Amino acid sequence: MIKIRLEKYNPTDFNEYFKLVQDDELMKYISGKGLGEEQANHKFTSILEKSSVHDKLGYFKVYDEKDAFLGDCKIVYNNHLENSLEIGYIIKKEFWKKGIGTIICNELISSAENNFPAHEIIAVIDPDNIASRKLLEKFNFESYWKGIENDLPTEKLKMKR
């Protein structure tokens, strides 16, 4: 099984982040299309802010045991639901369908349960992202809201314990 390592983004990581999020296919279910440099810069500033709130929360680069950059993930306070954390991930296309999403989700859920046991765990996906829904359902997530948010089709799922 692949072992992963999570490392918080720091201010010098913008180029690595931008390479990841400018890809249209990769970002299809997240923002509709790849981000331009200005959009990516704005988002990256927000990522650094959210990562400074707590040492166990934020946006993390995901590496395998050979130090290959696989993508990124997040575990952050959710703004819309009190006492909840939101998890999410982006995996580079060459690592799709290799079980990495499962490994990342497992890591994020373990961290949430160990460090914030009283918090709900939620995930936000595009309703058309069947792969992400199936993965979340494996971890006992259930849909509780569907609609349009920030001009994008959105589905919110909550983990049942």
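Colleague: Which helix gives the most to the lining of the second largest pocket?
Modeller: The model is a predicted one. In it, the lining of the second largest pocket includes Glu16, Lys19 and Leu20. The helix that gives the most to this lining, with three residues, spans residues 14–21 and is H1.

Colleague: Of what class are the residues in the lining of the second largest pocket, and how many are charged?
Modeller: The second largest pocket has a volume of about 160 Å³. Its lining includes Asp23, Leu26, Phe69, Lys92, Lys93 and Glu94. By class, the lining has three nonpolar residues and no polar ones, while the number of charged residues is six.

Colleague: Is Gly71 buried or exposed, and what is its relative accessible area?
Modeller: Gly71 lies in strand E3. Leaving aside neighbours within four places in sequence, Gly71 is in contact with Leu20, Phe60, Lys61, Val62, Ile90, Ile91 and Lys92. The cut-off for a buried residue is under 20%. Gly71 is buried, as its relative accessible area is 0%.

Colleague: How many Å apart in space are Gly71 and His54?
Modeller: In sequence, Gly71 and His54 are 17 residues apart. In space, taken from C-alpha to C-alpha, the separation of Gly71 and His54 is 21 Å.

Colleague: Which element gives the largest share of the largest nonpolar core?
Modeller: This core has 28 residues, and those that touch the most other members are Ile75, Ile87, Ile104, Ile109, Ile121, Leu136 and Phe141. Two or more residues come from each of E2, E3, E4, H4, E5, H5 and E7. The largest share, seven residues, comes from H4.

Colleague: How many residues are in the other core, apart from that one?
Modeller: The other core lies apart from the largest one, and Phe14, Phe18, Leu35 and Ile90 are among its residues. Its number of residues is 17.

Colleague: Why are the buried residues of H5 on the same side, and what arc do they cover?
Modeller: In H5, residues 130–138, the buried residues are Ser132, Arg133, Leu135 and Leu136. They lie on the same side of H5 because they cover, around the axis, an arc of only 165°.

Colleague: Which residues of H5 are exposed on the other side?
Modeller: The buried residues of H5 pack against strands E4, E5, E6 and E7 and helix H4. On the other side of H5, the exposed residues are Ala131, Lys134 and Lys138.

Note on methods
Residues numbered from 1 in each chain as written. Predicted model: local features only at pLDDT ≥ 70, side-chain atom pairs only at ≥ 80, totals over all residues. Heavy atoms only, no water. Buried < 20%, exposed > 50% of the residue type's maximum accessible area, 1.4 Å probe, protein only. Helix = DSSP H or I, 4+ residues; strand = E, 2+ residues; numbered from the N terminus. Arc of directions from axis to C-beta. Contact = heavy atoms within 4.5 Å. Core = buried A, V, L, I, M, F, W, Y, C linked by side-chain atoms within 4.5 Å. 1 Å grid on protein atoms, 1.4 Å probe; cavity = no way out; pocket = protein on both sides within 12 Å on 5 of 7 lines; lining within 4 Å. Points joined across faces, edges and corners; volume = space filled by probe spheres on them. Nonpolar A, V, L, I, M, F, W, Y, C, P; charged D, E, K, R; others polar.
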